[in-house]
Amino acid sequence: MRYIEPHGHMVSRVTDDYQDMAMAGCACICEPAFWAGFDRRSPEGFYDYFCQLTEHEPKRAAKFGVPHYCWLCINPKESEDVRLARDVVALIPQFIDRPNVLGIGEIGLNKNSRNELQVLEMHVDLAARLDQLILVHTPHLEDKLKGTRLILDVLKNDSRIKPERCIIDHVEEHTIELVLNSGFWAGMTLYPESKCTPARAIDMLDNFGTERIWMNSACDWGVSVPLAVPRTGLEMRRRGWLAETIDKVVFQNPARFMGQCPKFKIP
Amino acid sequence: MTRTQVLDLYFMEARSKLIDLAAFLDRVDRAEGEADFRLRAFRDAVSHLSDGQPARAKNILLSLSDPSTEPIATAPGKGAVGAWPGTEAK
């Protein structure tokens, strides 16, 4: 089964994961900038991280025949420090034209604070000025509903932002309608404990259709499954979905969204 | 899919999760000390399982969510616990 992993934090994964994903049919991997699990103390730490995402990780992926793309930002978990965030956002333009950079992400909110909101607005402004695609992280658990509403307000209040060029990730049953009804793309993250299981993701496809939606593993340094997308494709097959429709969800849809960036080559 | 097909595919998994939920509540009952807001939130959420309404998953997620609309002054940390403490805990 060919598929695209549109959201994987591969810097946190081992080479065996690359091998398993390639063998499972992964046609390319897209890696949003993320929180390392600890706060970086300086803009220089982010400079090195952006070099890792744009120089080193593509080479590591290429060893397994997998094209690697990325998104750049300071993650919402590190957005409480507005001064640091401002310095990091200022670094992004010098990386944005690198060949594997697809846009700005994963930006968004974590605890829905005023500082996080200010940093989100900085990123949205940068994306608008540089005409970049946007990948948005929505908060965890009890904070997701409120955060999704606040994020949608920021995006809808900026007239430069085109909803079809933004994906709102980590939707669940209580947020997916808000996102799709506003014209944005929706991402479903397949996690064993939080976010949604393969069965629930397919339920959402049953209920809301297959337009403007993708699935991802968001595999990182926490509890996550790098093969979650093909496993969900298998689950769709068990539930009687046609191969063409499975291909649309796991391959064609992410290719269509990211294909809006001219640097993205359909694998 | 027919209902029977859904049951064939998911009944055993759902049965296992249901018993796990029951065992979790038994375990909490056997433990000592006061429970915090999460147990009340959990019991409220469980009530949606048998209320006969559609969209149970959505309603459970809504019942565990922060319903407020204004951003908070500062982030108290980075983590989330899975249930909204409500105004009384703030």
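Predicted model: local features only at pLDDT ≥ 70, side-chain atom pairs only at ≥ 80, totals over all residues.

Residues are numbered from 1 along each chain as its sequence is written, and chains are lettered from A, with ligands numbered from 1, in the order in which they are written.

The secondary structure of chain A comes to nine helices and eight strands, where helices (H or I, at least four residues) and strands (E, at least two) are DSSP runs numbered from the N terminus. Its C-alpha trace spans about 50 × 40 × 35 Å along the principal axes. Because a compact globule of 267 residues would have a radius of gyration near 18 Å, the 17 Å of chain A agrees with that form; the radius is taken over C-alpha atoms, and the globule rule is 2.2 Å times the number of residues to the power 0.38. Of the 267 residues of chain A, 52% count as buried, a residue being buried if 20 or more other C-beta atoms, placed from the backbone, lie within 10 Å of its own.

Strand E7(A), residues 185–189, is mostly covered, with five of its five residues buried. In a regular strand the side chains alternate between the two faces of the sheet. In E7(A), A:Trp185, A:Gly187 and A:Thr189 lie on one side and A:Ala186 and A:Met188 on the other, and all are buried.

Strand E6(A), residues 166–169, runs parallel to E7(A) and is joined to it by two bridges, with A:Ile167 opposite A:Trp185; strands pair if DSSP finds at least two bridges between them. E7(A) also pairs in the parallel sense with strand E8(A), residues 213–216, over four bridges, and there A:Gly187 has A:Trp214 as its bridge partner. E6(A), helix H6(A) (residues 176–181) and E7(A) make a right-handed β-α-β unit, and E7(A), H7(A) and E8(A) make a right-handed β-α-β unit as well; right-handed means that, with the strands pointing away from the viewer, the path from the first strand over the helix to the second runs clockwise.

At the interface, 28 residues of chain A are in contact with 24 residues of chain B, contact requiring C-beta atoms, placed from the backbone, within 7 Å. Helices H4 (114–130), H5 (144–157) and H7 (198–208) of chain A each give two or more residues to this side, and the largest share, five residues, comes from H5(A).

Technical notes
Contact = placed C-beta atoms within 7 Å. Buried ≥ 20, exposed ≤ 12 C-beta atoms within 10 Å, placed from the backbone.
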